[in-house]
Structures are given as structure tokens and as C-alpha cells.
Amino acid sequence: MSEPPLFDAFELTSLLPDEVPGHLESIAVRGEQLVVGTSDGQLLLYQMSPLQSSPPSSHDPPTCVMSARRSLGCGRNAVNRIELCSATGTGLALCDATVS
């Protein structure tokens, strides 16, 4: 007979609002910034609310608010990959075999 786990290591939480434009293709996180690449060649920048340091039973999930939106100019092709560099504060996106 197996015993139930003492705790859950992960909790499923929805971060993004339901009205995210396009379909999500790629995602990257740097600190409290969430960058989403969409199926129609756009980058969406979301600011996450900081996590509260409170007991686990009373903590609310972080919320995300879109703060910027940029078209990569690659037509309606998907953003295949996003890489963020913490040291320089820059990001690279791969879309239609072009790095932006």
C-alpha cells in the first residue's frame, strides 16, 4: 500500500489572461518579465506581479499585465524561439529563419 505524498512540489496556476492575442509558440522569463512569442510573429511583454512572501495556504498567484507588443516584421510566421540575456538586458527572437 502506497502512502500519499506529503506535499505537492508544483501547483498549476494560470498566469496569462484569457485574451492573449495569437497562439503561444514560445516563452521566456527574466525576473518579473515574461516574453511570449506568438504564432503570428509578435512578441508580447508581460510584467508579473511580485510573489508575496506569505504562508502557502493564503498566497495568491502572480498576475501578468501586458506592457508592450512588437511585431517582428516576418509576416504571419511563428516566433519559434526566444532567448533573453540577463547581463545585457537584450533578447533574441527566431522567426522565419531570421534572428531579431
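**Cysteines, hairpin and pocket**

User: Does Cys 95 count as buried or exposed, and at what relative accessibility?

Analyst: This is a predicted model, and the cut-off for buried is under 20% relative accessible area. Cys 95 falls under that cut-off, so Cys 95 counts as buried, at 1%.

User: How many disulfides does the rule count?

Analyst: The rule asks for cysteine sulfur atoms within 2.5 Å. Cys 74 and Cys 95 meet that, with their sulfurs 2.0 Å apart. The count comes to 1.

User: How far apart in sequence are the parts that the pair of Cys 74 and Cys 95 ties together?

Analyst: Cys 74 sits in the loop between E4 and E5, while Cys 95 is in strand E6. The link between Cys 74 and Cys 95 is right-handed, with 65 degrees about the S-S bond. So the pair ties together parts whose separation in sequence is 21 residues.

User: What about Cys 74, is that one buried or exposed?

Analyst: Buried again takes a relative accessible area under 20%. Cys 74 has 12%, so the call is buried.

User: Which residue in the turn of the E5 and E6 hairpin has a positive phi?

Analyst: E5 and E6 pair in the antiparallel sense over 6 bridges. They form a hairpin with 4 residues between them. The turn residue with a positive phi, about 75 degrees, is Gly 89.

User: Which residue in E6 does Leu 84 stand opposite?

Analyst: Leu 84 and its partner are both among the residues nearest the centre of the largest pocket, a list that also has Val 35, Leu 43 and Arg 70. Across from Leu 84 stands Gly 91.

User: Which element gives the most to the lining of the largest pocket?

Analyst: The largest pocket holds about 300 Å³ of space. Strands E2, E3, E4, E5 and E6 are the elements giving two or more residues to its lining. With 4 residues, the one that gives the most is E6.

User: How many charged residues are in the lining of the largest pocket?

Analyst: The lining has 19 residues. By class, 10 are nonpolar and 5 are polar. Arg 70 is one of those nearest the centre, and Arg goes with the charged class. The charged count is 4.

Definitions and conventions
Residues are numbered from 1 along each chain as its sequence is written. This is a predicted model: local features need pLDDT of at least 70, side-chain atom pairs count only at pLDDT 80 or more; totals for chains, interfaces and linings use all residues. Side-chain values use heavy atoms; hydrogens and water are left out. On a 1 Å grid over the protein atoms alone, a cavity is a set of points where a 1.4 Å probe fits but cannot get out, and a pocket is an open set with protein on both sides within 12 Å along at least five of seven lines; lining residues have an atom within 4 Å of a point. Grid points are joined across faces, edges and corners, and a volume is the space filled by probe spheres set on the points. Buried means under 20% relative accessible area, exposed over 50%, partly exposed in between (1.4 Å probe, protein chains only). Two strands pair if DSSP finds at least two bridges between them.
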